[in-house]
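Please open the model in your viewer and keep the selection tool at hand. We will walk through it stop by stop, and at each stop you will hear what to select and what is there.

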Amino acid sequence: MSSLDSSSKSGYSLSIIDCVFEDNTYCGALRLNNSEVVLIKGCSFINNQQNYESGDGGAILSYARTNVVNCIFTGNSAADRGGAIR
């Protein structure tokens with residue numbers, strides 16, 4: 001079961017658990033801007049592309065404090081930096 005939790009009970013501002021992000025283009029799969037602490041757990045990121053000019057983070061572009069646990073990254077790319085995570 002996939003879940004997205006924005007409650008503070010877990011200690012995270014946002015929890016993304018057991019999700020699949022596949023074949024996302026232009027801005028990649030996830031862009032995290034204003035969250036304080038984010039958990040990404042058990043997710044798969046497959047063939048995501050950040051293809052905007054000077055783009056960063058093919059799978060995840062995060063400006064938040066982000067914990068990535070037991071995730072799979074395959075075939076992700078970015079126009080500039082961070083094919084999987086930036």
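**Before you select anything**

This is a predicted model, in which local features need pLDDT of at least 70 and side-chain atom pairs count only at pLDDT 80 or more, while totals for chains, interfaces and linings use all residues. Residues are numbered from 1 along each chain as its sequence is written, and side-chain values use heavy atoms, with hydrogens and water left out.

**Stop 1: the whole chain**

Show the chain as a cartoon. You will find eleven strands and zero helices; here helices (H or I, at least four residues) and strands (E, at least two) are DSSP runs, numbered from the N terminus. Read from the N terminus, the elements run β-β-β-β-β-β-β-β-β-β-β.

Now switch to a surface. The accessible surface comes to about 5,100 Å², and 45% of it belongs to carbon and sulfur atoms (areas come from the Shrake-Rupley method with a 1.4 Å probe; for residues, only the protein chains shown count as cover). Of the chain's 86 residues, 34% count as buried. Buried means under 20% relative accessible area, exposed over 50%, and partly exposed in between, with a 1.4 Å probe and protein chains only.

**Stop 2**

As a reminder, strands of a sheet pair through backbone hydrogen bonds, either parallel or antiparallel.

Zoom in on strands 6 and 10, which pair in the parallel sense over three bridges. Ser44 stands opposite Ile72 in strand 10.

**Stop 2: the phenylalanine cluster**

Stay here and show the side chains of Phe21, Phe45 and Phe73, which ring pairs link into a cluster. The structure holds two aromatic pairs. Rings of Phe, Tyr and Trp (its six-membered ring) pair if their centres lie within 6.5 Å; planes under 30 degrees apart count as stacked, over 60 as edge-to-face and the rest as tilted.

Phe21 and Phe45 are stacked, at 5.0 Å centre to centre and 5° between the planes. This pair links distant parts of the chain, with Phe21 in strand 3 (residues 20-22) and Phe45 in strand 6 (residues 44-46), 24 residues apart. Phe21 is buried at 15% relative accessible area, and Phe45 is buried at 0%.

Phe45 is also stacked with Phe73, at 4.9 Å centre to centre and 5° between the planes. Phe73 lies in strand 10 (residues 72-74), 28 residues from Phe45. Is Phe73 buried or partly exposed? At 29% relative accessibility, Phe73 counts as partly exposed.

**Stop 3: two cysteines**

Select Cys19 and Cys43. A disulfide is a pair of cysteine sulfur atoms within 2.5 Å, and the count by this rule is zero. For Cys19, the nearest cysteine sulfur is that of Cys43, 4.7 Å away. Cys19 is buried at 14% relative accessibility, and Cys43 is buried at 1%.

**Stop 5**

Next, select strand 5. Four of its five residues are buried, so strand 5 is largely enclosed by the rest of the structure.

Ile16 stands opposite Ile40 in strand 5. Thr66 in strand 9 is the bridge partner of Val38.

**Stop 4: Glu36**

Finish in the loop between strand 4 (30-32) and strand 5 (37-41), where Glu36 is found. Glu36 is exposed, with a relative accessible area of 63%.

Which residues does Glu36 contact, leaving aside its neighbours within four places in sequence? They are Ser13, Ala64 and Arg65. Draw a distance between the C-alpha atoms of Glu36 and Arg65: they are separated by 6.1 Å, though 29 residues apart along the chain.

Terms used: Pairing = 2+ DSSP bridges. Contact = heavy atoms within 4.5 Å.
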